[in-house]
Amino acid sequence: MKSVGSTPSGKPRLTTSAMIASIAAEGQRTRPAPFGHALVELACSREDVLGMTADLGKYTDLHIFAQAFPDRYYQMGMAEQLLFGAASGLAAEGFMPFATTYAVFASRRAYDFIHQTIAEEDRNVKIACALPGLTSGYGPSHQAAEDLALFRAMPNMTVIDPCDAHEIEQIVPAIAAHRGPVYMRLLRGQVPLVLDEYNYRFELGKAALLRDGADVLIISSGIMTMRALEAAQSLQDDRVNAAVLHVPTIKPLDTEAILGEAGKPGRLVVVAENHTVIGGLGEAVAALLMRAGVHPTFRQIGLPDEFLAAGALPTLHDRYGISTAEVTRQIKEWLR
């Protein structure tokens, strides 16, 4: 993220480059293009793996696959409906397409094509979509704040929201081993490394307790698990012990793990997600708890039910309550 000059508050003045800034904090460990490299590794042992995109190979890290396997790479042009229709057809012939685009284009522009040609036919297509939730500052046209809600509602669709590069590298072979359509949020470019410090292993459909704590349980997915872990460390300085339950598979939910942790008495339960509070992980967890008769004090951290503003990502994350500082502040407030 570039900055020029400073504001009256003393903070660096953010340029428009911050609208597409990396989600990695300054000095944080990262790994380049984990999805692209993991897909190449998978394709070395599986000849049925194909890479497909709609004019966004460079921006979904699929250009790495294209360099390694040019005869198995399909550039479909700026036509997302065609991308997914063709992916379905190739899957019907026994191939395993990994189809990439931006999350807004899959969840809104091509939704019916995915619904009818991939999900209804239960085709073995893996959909990996960049710029999920609020990871773009270019306004509603590029902000996929409702993608999880849409794909959760689609029968036969497995839905995954990875936290970091370590997890993405494990997800690629895991979803290849799973037969059926998958929607996966994609972090691209220089992706943070977080979960390797917790001896974490991705398992489809399973949540993982990354740290325990008696005062608050944060149930999170995607980049909000990174924020939750940072917030938990900050809360510890104020003698608040926070547990973090990472839930990468949004559908199907790990109901046993969620009910087991949320059912422990005396803890505030907070669901944190980089998604609108409508229809995502938060409401899925709330419905699960209600059906099971588990009634902790429950709060949500997520994006508001509105069209989001354009601007620099650090500013927007603060504004909409999903930065580490804002997660920490909100939990402290709820614990008073």
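In which helix is the place of Ser107? In this predicted model, Ser107 belongs to helix 4, which spans residues 103-109. The residue is buried, its relative accessible area being 2%, and its side chain reaches the backbone oxygen of Ala103 at a distance of 2.7 Å. When neighbours within four places in sequence are left aside, the residues in contact with Ser107 are Asp147, Leu150 and Phe151.

Because Phe151 is located in helix 6 whereas Tyr183 is located in strand 9 (residues 182-186), the pair ties together parts of the chain that are 32 residues apart in sequence. Phe151 and Tyr183 are both buried, and together with Tyr111 they form one aromatic cluster. A ring is also involved in a contact of another kind at Phe69, where the charged end of Arg72 sits over the ring, 4.5 Å from its centre.

Attention then turns to the loop between strand 7 (126-130) and helix 6 (147-152), in which Gln143 is found. Gln143 has a relative accessible area of 3% and is therefore buried, the cut-off for this class being under 20%. The side chain of Gln143 reaches the backbone oxygen of Ser136 at 3.0 Å, and a polar atom of that side chain also lies 3.1 Å from the backbone oxygen of Ala309. Beyond neighbours within four places in sequence, the contacts of Gln143 include Val104 and Arg108, Gly133, Leu134, Gly137 and Tyr138, as well as Leu308 and Leu316.

The packing of two helices was examined next. Two packed helices are described by the angle between their axes and the distance between the axes. For helix 1 (residues 34-45) and helix 7 (residues 165-177), the axes come within 9 Å and cross at roughly 35°, and the crossing in which helix 1 passes helix 7 is right-handed. On the side of helix 1, the contact is made by Pro34, Phe35, Ala38, Leu39 and Leu42, while helix 7 contributes Ala165, Ile168, Glu169, Val172, Pro173 and Ala176.

How values were computed. Residues numbered from 1 in each chain as written. Predicted model: local features only at pLDDT ≥ 70, side-chain atom pairs only at ≥ 80, totals over all residues. Heavy atoms only, no water. Helix = DSSP H or I, 4+ residues; strand = E, 2+ residues; numbered from the N terminus. Buried < 20%, exposed > 50% of the residue type's maximum accessible area, 1.4 Å probe, protein only. Polar contact = N/O pair within 3.5 Å; in protein donor to acceptor, adjacent residues only side chain to side chain. Contact = heavy atoms within 4.5 Å. Phe/Tyr/Trp six-rings, centres within 6.5 Å; stacked < 30°, edge-to-face > 60°. Lys NZ or Arg CZ within 6 Å of the ring centre and 35° of its normal. Axes fitted to C-alpha atoms, helices over the stretch in contact; angles between N-to-C directions. Left-handed = near helix turned anticlockwise from the far one by under 90°.
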